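Take a look at the fold below. Keep the sequence beside you as you read.

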Amino acid sequence: MPTNPMKIHVLGSAAGGGCPQWNCNCLNCARLRSGNPHLKRRTQSSIAVSSDGQSWVLFNASPDILEQLYAMPAAQPARSIRDTGLRSIVLIDSQIDHTTGLLMLRESNHPLRIYCTEPVYEDLTQGNPLFNVLSHYCKVDWQPIRFKNGRFDFTVPEISDLSFTAYPLKSKAPPYSPHRLDPHEGDTIGVVVQDRRSGHQLFYAPGLGEIEPQLEPLMQEADCILVDGTFWREDEMAVLGIAQKYARELGHLPQSGSGGMIERLAPMKKPRKILIHINNTNPILDEESRERATLTQAGIEVAFDGMEILL
């Protein structure tokens with residue numbers, strides 16, 4: 001391991017709404033509110049990546065971003081009266097729980113350098129025009145992610161030790177997207193982050209509706225995969241009487257069942273396997289649950305807020 005390994009800081013590990021969700025009384029939310037020691041409070045999913053622990057790339061900006069940055073001292077190096085360790089932002093998609101926090105960063109001294117695809121840019125200038133709002137404050141320096149031969153390679157200024165490769169994923173655009181019913185390449189992406197010094201790689205995909213054939217080698221070759229852990233079962237929301245919507249219908253591959261995340265991840269020998277973007281209804285949030293034990297037996301971990309991963 002190099003002197004300064006690649007650092008991945010989990011800012012938030014939950015799906016939209018966090019856990020406990022403000023209006024939910026499912027088993028997890030109720031137990032967490034009552035002080036059950038086997039459940040952790042979780043904010044909405046986001047990570048930050050760095051090669052030196054000082055300059056960071058933020059992946060998604062959740063509505064909880066201010067609380068998350070406060071809990072991450074390395075994000076504020078305090079070198080001047082106004083300062084931040086954040087150098088750029090990569091948006092995985094245009095979902096509310098991954099983009100609303102951009103508004104909380106409006107006091108930036110410089111335009112927010114944001115890497116995202118053209119469909120995401122369209123969503124954030126039309127369906128949910130956050131970029132237009134930010135034009136009245138710090139402004140946005142849009143860095144387009146445009147795929148060539150199914151991938152897009154880029155680097156981030158000030159963080160030359162890391163390289164980034166984006167891949168389109170099968171998923172769904174949010175309800176306010178101008179093309180909600182017309183899927184576009186780039187509605188959702190996965191990203192491989194490579195440390196150029198060591199060659200170590202992270203595969204990050206918090207929204208993963210299907211492990212397509214071209215993705216499996218990327219996951220097999222990674223040193224760590226941090227992927228969609230939204231639902232335990234395909235009909236989780238329906239069984240609880242919350243919504244008649246199913247996991248794959250919402251763009252998420254459930255953990256259990258035929259072809260589920262456990263079945264697909266368990267045979268992978270090289271990578272450290274970690275689930276993120278976990279819905280408040282998912283029983284794996286209970287550290288004493290049978291479902292968590294099943295994950296552990298399969299060699300799969302569950303991300304938590306403040307988790308530090310070194311590669």
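This is a predicted model: local features need pLDDT of at least 70, side-chain atom pairs count only at pLDDT 80 or more; totals for chains, interfaces and linings use all residues.

Residues are numbered from 1 along each chain as its sequence is written, and side-chain values use heavy atoms, with hydrogens and water left out.

**The sheet**

Helices (H or I, at least four residues) and strands (E, at least two) are DSSP runs, numbered from the N terminus. Two strands pair if DSSP finds at least two bridges between them. Strands of a sheet pair through backbone hydrogen bonds, either parallel or antiparallel.

Strand 8 (residues 159-169) and strand 9 (residues 188-195) run antiparallel and are joined by 8 bridges. Here Thr165 stands opposite Val192 in strand 9.

**Strand 1 and its partners**

Which strands pair with strand 1 in the antiparallel sense? One is strand 14 (residues 308-310), over 3 bridges. Another is strand 2 (residues 46-50), over 5 bridges. His9 has Glu308 as its bridge partner in strand 14. Lys7 stands opposite Ser50 in strand 2.

Strand 1 (residues 7-12) is mostly covered, with 6 of its 6 residues buried. Buried means under 20% relative accessible area, exposed over 50%, and partly exposed in between (1.4 Å probe, protein chains only).

**Aromatic rings**

Rings of Phe, Tyr and Trp (its six-membered ring) pair if their centres lie within 6.5 Å. Planes under 30 degrees apart count as stacked, over 60 as edge-to-face and the rest as tilted. By this rule there are 7 aromatic pairs. Two of them share Phe59.

| Pair | Type | Centre to centre | Angle between planes |
|---|---|---|---|
| Phe59 and Phe164 | tilted | 6.3 Å | 40 degrees |
| Phe59 and Tyr204 | edge-to-face | 5.5 Å | 75 degrees |

Tyr204 lies in strand 10 (residues 201-205), so its pair with Phe59 in strand 3 ties together parts that are 145 residues apart in sequence.

Are Phe59 and Phe164 buried or exposed? Both are buried. Phe59 counts as buried because its relative accessibility is 0%. Tyr204 counts as buried because its relative accessibility is 0%. One aromatic cluster is formed by Phe59, Tyr115, Phe152, Phe154, Phe164 and Tyr204.

**Charges over rings**

A charge sits over a ring if NZ of Lys or CZ of Arg is within 6 Å of the ring centre and within 35 degrees of the ring normal. Lys40 lies over the face of Phe304, 5.5 Å from the ring centre. The charged end of Arg106 sits over the ring of Tyr137, at 5.9 Å from its centre.

**Helix 4 and Thr99**

Helix 4 (residues 118-127) has these buried residues: Pro119, Val120, Asp123, Leu124 and Thr125. Their cover includes helix 3 (96-99), strand 5 (112-117) and helix 5 (130-134). Contact means heavy atoms within 4.5 Å.

Thr99 is in helix 3. Thr99 counts as buried because its relative accessibility is 0%. Leaving out residues up to four places away in sequence, Thr99 touches Ala61, Leu91, Asp93, Ser94, Leu124, Asn128 and Leu130. The side chain of Thr99 also reaches the backbone oxygen of Gln95 at 2.9 Å.

**Two loop residues**

Ala71 is in the loop between helix 2 (65-70) and strand 4 (86-90). Why does Ala71 count as exposed? Because its relative accessibility is 56%. The C-alpha atoms of Ala71 and Gly241 are separated by 35 Å, and these residues are 170 apart along the chain.

Ala243 is in the loop between helix 7 (236-239) and helix 8 (261-265). Ala243 is partly exposed, with a relative accessible area of 23%. Ala243 touches Met237 and Ala238, not counting residues up to four places away in sequence.

Note on methods. A polar contact is a pair of N or O atoms within 3.5 Å; within protein, one must be able to donate a hydrogen and the other to accept it, and residues adjacent in sequence count only if both atoms are side-chain atoms.
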